[in-house]
Amino acid sequence: NTRNPPDVRRANAEGDIASGQRTYDNVCSVCHGMNARSETAIPDLRYSNAIVSRDTFKSIVIDGERASKGMVGFASTLTPAQAEEIRAYLVSLAVAL
């Protein structure tokens, strides 16, 4: 892959990575792929700059900031704490790239 992962050194993601992975697998993987490896036009979240910022990630995942682009908010499905666990999982994957 020629893309560069985001600089997550200051991401300060909090939350249990294993719990984030379980939630990701149940909620997010349908569109974004298992292990966050998207094989479609839907973004590969390991390379998303949105995972660097807790507030940016929450605004997308919980608040639906990108609903007009097809990424609906999941406020009725996920708590902000669960979204942060998902972000911690995604940051761990970006670090491993």
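Biologist: What covers the buried residues of α2?

Modeller: The cover includes α3 (80-95). This is a predicted model, where local features need pLDDT of at least 70, side-chain atom pairs count only at pLDDT 80 or more, and totals for chains, interfaces and linings use all residues. Residues are numbered from 1 along each chain as its sequence is written, and side-chain values use heavy atoms, with hydrogens and water left out.

Biologist: Which residues of α2 are buried?

Modeller: Helix α2 runs over residues 54-61, and F57, S59, I60 and V61 are its buried ones. Buried means under 20% relative accessible area, exposed means over 50%, and partly exposed lies in between (1.4 Å probe, protein chains only). Helices are DSSP runs of H or I with at least four residues, strands are runs of E with at least two, and both are numbered from the N terminus.

Biologist: What is found at the start of α2?

Modeller: A side-chain oxygen of S53 reaches to within 3.3 Å of the backbone nitrogen of D55. D55 itself has its place in helix α2.

Biologist: Why is D55 called exposed?

Modeller: Its relative accessible area is 59%, over the exposed cut-off, so D55 is exposed.

Biologist: How do you know that the length of α3 agrees with its 16 residues?

Modeller: The expected span is 1.5 Å times one less than the number of residues. For α3 this gives 22 Å, and its end C-alpha atoms are 22 Å apart, so the two agree.

Biologist: What do the buried residues of α3 pack against?

Modeller: They pack against α1 (17-32) and α2. The buried set in α3 includes A83, I86, A88, Y89, L90 and V91.

Biologist: Why is R46 counted as buried?

Modeller: R46 has 8% relative accessibility, below the buried cut-off, so it counts as buried. R46 is found in the loop between α1 and α2.

Biologist: What does R46 touch?

Modeller: Contact means heavy atoms within 4.5 Å. Leaving out residues up to four places away in sequence, R46 touches P5, P6, N35, A36, R37, I51, L93, A94 and L97.

Biologist: What makes the link between R46 and D44 a polar contact?

Modeller: A polar contact is a pair of N or O atoms within 3.5 Å; within protein, one must be able to donate a hydrogen and the other to accept it, and residues adjacent in sequence count only if both atoms are side-chain atoms. The side chains of R46 and D44 are joined at 2.7 Å, so the distance passes. The R46 side chain also reaches the backbone oxygen of A36, at 3.5 Å.

Biologist: Is N12 buried or exposed?

Modeller: N12 is exposed, because its relative accessible area of 55% is over the cut-off. N12 lies in the segment before α1. It too has a positive phi, about 45°, without being a glycine.

Biologist: Why is the pair of Y24 and Y89 called tilted?

Modeller: A search of the whole structure finds one aromatic pair. The rings of Y24 and Y89 have centres 5.5 Å apart and planes at 55°, so the pair is tilted. Rings of Phe, Tyr and Trp (its six-membered ring) pair if their centres lie within 6.5 Å; planes under 30 degrees apart count as stacked, over 60 as edge-to-face and the rest as tilted. The pair links Y24 in helix α1 with Y89 in helix α3, 65 residues apart. Y24 and Y89 are both buried.

Biologist: What sits over the ring of Y47?

Modeller: The charged end of R3 does, 4.2 Å from the ring centre. The term requires NZ of Lys or CZ of Arg within 6 Å of the ring centre and within 35 degrees of the ring normal.

Biologist: What makes the protein as compact as a globular protein of its length?

Modeller: The protein has three helices and zero strands. Its radius of gyration is 12 Å, close to the 13 Å from the globule rule for 97 residues, so it is that compact. The radius is taken over C-alpha atoms, and the rule is 2.2 Å times the number of residues to the power 0.38.
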